[in-house]
Amino acid sequence: MELAAFLCERGLQIIMETHSDHIYNGMRKCIKRNTLGRDKLAAYYFELDDTMQTKIQHITFNGQGAEENHPYGMFDQFDDDLDELIGM
């Protein structure tokens, strides 16, 4: 993500699709470190609703890289697994 942030800050447009929380969190860390401006990125979460229509949610971040509107179900598997392991 550091390389992608470097390129984006210099005007290159990158379109990236991922299921990787490492890439996603790397993007958030770049925002926090001020190596990637929030105005240089757009993040979206896609999911199917009950009628099998695609819903698209734009995700916004604060200046520290924290999500301002975390979609339910996005990258929640780690927390779900940890809850099961510790007996919650």
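Trainee: What is the volume of the largest pocket?
Mentor: The model is predicted: local features need pLDDT of at least 70 and side-chain atom pairs pLDDT 80 or more, while totals for chains, interfaces and linings use all residues. Residues are numbered from 1 along each chain as its sequence is written, and side-chain values use heavy atoms, without hydrogens and water. A pocket is an open set of points on a 1 Å grid over the protein atoms alone where a 1.4 Å probe fits, with protein on both sides within 12 Å along at least five of seven lines. Points are joined across faces, edges and corners, and probe spheres set on them fill a volume that for the largest pocket is about 810 Å³.

Trainee: Which residues that line the largest pocket are the closest to its centre?
Mentor: Lining residues have an atom within 4 Å of a point. There are 26 of them here, and the closest to the centre are M16, E17, A42, A43 and Y44.

Trainee: Which element gives the largest share of the lining of the largest pocket?
Mentor: Helices (H or I, at least four residues) and strands (E, at least two) are DSSP runs numbered from the N terminus. At least two lining residues come from each of α1 (2-9), α2 (21-32) and β1 (43-48). The largest share, four residues, belongs to β1.

Trainee: How many disulfides does a search of the whole structure find?
Mentor: A disulfide is a pair of cysteine sulfur atoms within 2.5 Å. For C8, the nearest cysteine sulfur is that of C30, 9.4 Å away. The number found is zero.
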